[in-house]
Amino acid sequence: MKAIVYTEYGPPDVLQLKEVEKPAPKDDEVLIRIHATSVNFGDIAARNYGNISPRDFFMPLPFYLIGGLQFGFSRPKNTILGNELAGEIEAVGKDVTSFKTGDQVFGYPGPQMRCHAEYRCLPEDGPLGLKPANMSYEEAAVVPYSALMAIDLLRKVGIQSGQQVLINGASGGIGSGVLQLAKHYGAEVTAVCSTPRMEFVKALGADKVIDYTKEDFTQTGETYDLIVDVLGKSSFSRSKGSLKEAGKYVMTSFKMRDFVDMLRTSFGGGKKAICAILVARPEDLVLTKQLVEAGELKAVIDKRFPLEQTADAHRYVESGQRKGHVVITLEHNNRT
């Protein structure tokens, strides 16, 4: 099968189209013919992992060390990127009961990656579900991570209808998912983004939009029940003045000082800092499917690239120009 392979860390040019062995499903696995996958922040970070110092890493040192053990410190252990997929089940293991050949599915293998390829095996009890009926493969391929993160995050903070929510970094994958889900739960949402992305977040349902190139949300005098900070755009110390008395400041990317803030504020009442780590649950993909089919969650695709142009897709994501998701498409042409 065809796959995008990298054997060293570095710029997008390290990504090469190659022929590799097609996987075979184990007894509890399904074999998925991938029709679409995505390029997101996780792919960029993994491709360049060996060139990121512990100081520059977007998480505390223990997470950097865990990542190094998983991805490899000097060269990649897993040579195929891609952590989301949508496709069709081609074969099932003898013990599989939840899926059958021909099922259209979507999923999130996460750090195990290996979705930038024509085929991928996944366990039936893993982060895999039936694709929403009203989504194309391309749309379904970019939903899992952002939806799973948004569902898990908002569940942990106990979001309630009528709450005031600010999302700092609302135009990215995680931010756009949190925005839509917060609106679904009845919150009033303020989105923070750059000038070119203002119309994008408005279209996703934001009640208010702050252009961070012109205005600092911490200086507006407004307060919120929940602030979600995507990729370390601010800090608890800078933003706590914008929280209501029992407000929560949630970080999807955090450093050790943020972790200390979480420990320090975890006792008693008052404002709290929370470091969010995704716990992917198969049942949350079922919920994602329901939300998509009910029109509560949608995917906005910015650009599409064929598999052989995956390096170009990485360059585009790194350029900072994207407004929405970037998709990799695969044409099988009856390949075996």
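Leaving aside its neighbours within four places in sequence, which residues is Ser38 in contact with? In this predicted model, the partners of Ser38 are Asp43, Asn83, Glu84, His116, Ala141, Val142, Val326 and Ile328, where contact means heavy atoms within 4.5 Å. Ser38 sits in strand 3 (residues 29–39); strands (E, at least two residues) and helices (H or I, at least four) are DSSP runs numbered from the N terminus. With a relative accessibility of 2%, Ser38 counts as buried, a label given under 20% relative accessible area, with exposed over 50% and partly exposed in between (1.4 Å probe, protein chains only).

Residues are numbered from 1 along each chain as its sequence is written, and side-chain values use heavy atoms, with hydrogens and water left out. Because the model is predicted, local features need pLDDT of at least 70 and side-chain atom pairs count only at pLDDT 80 or more, while totals for chains, interfaces and linings use all residues.

Turning to the chain as a whole, its secondary structure comes to 10 helices and 15 strands. For 336 residues, a compact globule would have a radius of gyration near 20 Å, and the chain agrees with this at 20 Å; the radius is taken over C-alpha atoms, and the globule rule is 2.2 Å times the number of residues to the power 0.38. The C-alpha trace spans about 60 × 45 × 40 Å along its principal axes. Of the 336 residues, 52% are buried. Among contacts between residues at least 6 apart in sequence, 67% join residues at least 24 apart.

Nine of the 12 residues are buried, so helix 5 is mostly covered. These buried residues are Ile174, Gly175, Ser176, Gly177, Val178, Leu179, Gln180, Leu181 and Ala182. After the helix comes Gly186, with a positive phi near 90°.

The structure holds one cavity of 30 Å³ or more, and about 80 Å³ of space lies in the largest cavity. Of its 13 lining residues, the closest to the centre are Ser176, Gln180, Lys298, Ala299 and His325. Helix 5 gives the most to this lining, with three residues. On a 1 Å grid over the protein atoms alone, a cavity is a set of points where a 1.4 Å probe fits but cannot get out, whereas a pocket is an open set with protein on both sides within 12 Å along at least five of seven lines; lining residues have an atom within 4 Å of a point. Grid points are joined across faces, edges and corners, and a volume is the space filled by probe spheres set on the points. By class, the cavity lining divides into seven nonpolar, five polar and one charged. Here Ala, Val, Leu, Ile, Met, Phe, Trp, Tyr, Cys and Pro count as nonpolar, Asp, Glu, Lys and Arg as charged, and the others, Gly among them, as polar.

The second largest pocket has a volume of about 280 Å³. Among the 21 residues that line this pocket, Gln112, Arg114, Arg120, Cys121 and Leu122 are the closest to its centre. Strand 6 (residues 119–123) gives the most to the lining, with five residues. The lining of this pocket has 14 nonpolar, two polar and five charged residues. Arg114 lies in the loop between strand 5 and strand 6 and has a positive phi of about 70° although it is not a glycine. Met113 is found in the loop between strand 5 (104–107) and strand 6, and its phi is also positive, near 55°. Met113 is buried, at 4% relative accessibility, whereas Arg114 is partly exposed, at 36%.

Two further loop residues complete the account. Asp56, in the loop between helix 1 (41–47) and helix 2 (61–71), is exposed at 59% relative accessibility. Lys271, in the loop between helix 8 (256–265) and strand 13 (272–275), is partly exposed with a relative accessible area of 26%.
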